[in-house]
Amino acid sequence: MSQPLIAAHRGASEFLPEHSLAAYRQAIVEGADGFEFDLRLTADGHLVLHHDRTVKRTSDGRGAIADMTLAQLRELNFAARHPDCRSDPEAARIPTIEDVLGLVADSGRDIRLYIEAKHPSKFGPRLEMRLWETLRRWPGLQATVMSFSRAALKTWRRLDNTTPLVWIFEYPFRRPPEGVQALSSKVDHVESTPTFFERAHEQGYEAYVWTVNDAETAQRLAEAGADVLFTDRPAAIRKALTDSPR
Ligand code: G3P
Ligand code: CA
């Protein structure tokens, strides 16, 4: 049986600012098979990597991404809570999708991209449309589109019939949206529901788990049949799987 792929969740974000270019560069160093990242649209139509609706938790500023221009976001320091690296531009600057796609292209590595469209968004399906336009300009990358939002996945399928789609959800297991290839759920939900992998695979879906930062948990999930593990610690989880008796 093959080992799950290891995808860096918001980059190798255990010690580096989440979603920073520095965290993705570190993920490459740590041998991650893929990058996971969240996308939001700025007020002037740029796709930036960010989890929360606002920048309060992650930066030294305030406000919603959707109400700010890229230039305004670039004035903020997203490593404000990481004293060791706050003067490093790759740690402190919010990346655009083009920044991270450029990093992957320049790496020469076969990095898979697990791209989460974050909703609700006041821009609605414009987020998916901008993503679709962007990915068209970067042929050859291995992109998978993910969302909690059924509407976002439906929008994507209307735009493009080839990109693999992942539905992210929290338990209980519910009927997946049409046209998705994989299901992704939260580690504690998966751990408390041993039938997750069996049910997903029986129904023809791959089964992904987030966020797996503990070695023993990773080994257990690999044994149970996980196809992708999202982790903040790619090297540690790789080592756990390599050391596993499986
Ligand atoms: O890949 C799924 C996972 O990233 C979803 O949760 O909150 O980390 O975006 P969140
Ligand atoms: Ca995410």
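Donors are N, O and S atoms within 2.8 Å of the metal (3.2 Å for Na, K and Ca), and since water is not among the atoms, sites may look incomplete. This is a predicted model, in which local features need pLDDT of at least 70, side-chain atom pairs count only at pLDDT 80 or more, and totals for chains, interfaces and linings use all residues. Residues are numbered from 1 along each chain as its sequence is written, ligands are numbered from 1 in the order in which they are written, and side-chain values use heavy atoms, with hydrogens and water left out.

Select the calcium ion (ligand 2) to begin, where Glu36 (OE), Asp38 (OD) and Glu116 (OE) coordinate the ion at 2.1 to 2.2 Å. Along the chain these donors follow the spacing E-x1-D-x77-E. Asp38 lies in strand 2 (residues 34-41) and Glu116 in strand 4 (residues 112-117), so this pair ties together parts that are 78 residues apart in sequence; strands are DSSP runs (E, at least two residues), numbered from the N terminus.

Next, colour by accessibility: Asp38 is buried, with a relative accessible area of 1%, and Glu116 is buried at 5%, where buried means under 20% relative accessible area (1.4 Å probe, protein chains only).

A polar side-chain atom of His51 lies 2.7 Å from an oxygen atom of ligand 1, while for His9 the corresponding distance is 2.8 Å, and for Glu36 it is 2.8 Å. Taken alone, ligand 1 exposes 290 Å², of which the protein buries 92%, with areas from the Shrake-Rupley method and a 1.4 Å probe.

Conventions: Helix = DSSP H or I, 4+ residues; strand = E, 2+ residues; numbered from the N terminus. Buried < 20%, exposed > 50% of the residue type's maximum accessible area, 1.4 Å probe, protein only. Polar contact = N/O pair within 3.5 Å; in protein donor to acceptor, adjacent residues only side chain to side chain.
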